[in-house]
Amino acid sequence: MASKPPFFFSPFFLILLLLPLIVDAISATPPFNFSYGGGKEGPDEWGRTYKTCSHGKFQSPINIMTNQTLPAKSNHPIFTIYRPAFAYLVDNGYNIGVKYNSEHAEVKIDGKIYIMKLMHWHSPSEHRINGIQYPLELHIVHEAADHSRAVVSILYKYGAPDPFIASLNPKLAKMHTMVRKGGGSPQVSLGMLNTKFLGNISGNYYRYMGSLTTPPCTEPVIWTLLSKLRSVSKKQVLAIRSPLTSRFRHNCRPIQALNGRTVKEYV
């Protein structure tokens, strides 16, 4: 009778070995330690684990120089449908975000539908406009049926409090308390979240082909940056940072090279 192969050759065991590498970068923490500072885990070292982070030609974020953008030949308004839905405030370890458990929101780009998966904040902003870095940036991440991705980005300047973040203030405080008590990577129920606080996702915008801004830096991703800045208070920025550890309270990836890419401006 032929002997059975060792257990480590079984398909199930191979799946277990590969599981840490089969990670959806949209919804999960990358399967290795990384940071936004210097040292062995900083952005300059991400490419050691994920080659796209260092060798990709469509990396994000970028600095958009408005005098170098290409005017779009025709206006393509951002068509969005954001409905109220049950949501959670989550601490991903490297950013604070909102996740949903239903397909309640979508954006149409060039006739293609992308479903909203989550949104999260980076502070200070990852993208820059004419070299200016802003205190906060919101990424609204969408995915199509073929798994292609599109991100709508909103930049914030200091000023009046933002209504959407204001609606989350009590939950941010609760999450901060949970983290201080050793709650790991907590999530706090937001109940039925009305995304009307996001305001009107429309108006002039910039568009270019880029990538995810955290490992594995997946390409390609369609980026749409609203050109109109929104306002946020300093207190709100601190509230978004507060649940994070010190290594991630400034969670912006450095600017990446354009490598000949064109940024289109839609007016």
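In strand E9, glutamine 133 is the bridge partner of arginine 128. The model is predicted, so local features require pLDDT of at least 70 and side-chain atom pairs count only at pLDDT 80 or more, while totals for chains, interfaces and linings use all residues. Residues are numbered from 1 along each chain as its sequence is written, and side-chain values use heavy atoms, with hydrogens and water left out. Strands are DSSP runs (E, at least two residues) numbered from the N terminus, and two strands pair if DSSP finds at least two bridges between them.

**The sheet with E9**
- Strand E8 (residues 128-129) is joined to E9 by 2 bridges, and the two run antiparallel.
- An open sheet of 3 strands has the order E1-E8-E9, with mixed pairing.
- Because E1 (63-64) and E9 (132-133) stand at the edges with a single partner strand each, one side of each is left without a neighbour in the sheet.

**Partners of E14**
- Strand E11 (residues 149-158) runs parallel to E14 and is joined to it by 5 bridges.
- Valine 151 stands opposite tryptophan 223 of E14.
- Strand E13 (residues 205-210) pairs with E14 in the antiparallel sense over 6 bridges.
- Tyrosine 205 stands opposite leucine 226 of E14.

**Burial of E14**
- Strand E14 (residues 221-226) is mostly covered, with 6 of its 6 residues buried (under 20% relative accessible area, 1.4 Å probe, protein chains only).
- In a regular strand, side chains alternate between the two faces of the sheet.
- From E14, Val221, Trp223 and Leu225 point one way, Ile222, Thr224 and Leu226 point the other way, and all are buried.

Key:
Helix = DSSP H or I, 4+ residues; strand = E, 2+ residues; numbered from the N terminus. Buried < 20%, exposed > 50% of the residue type's maximum accessible area, 1.4 Å probe, protein only.
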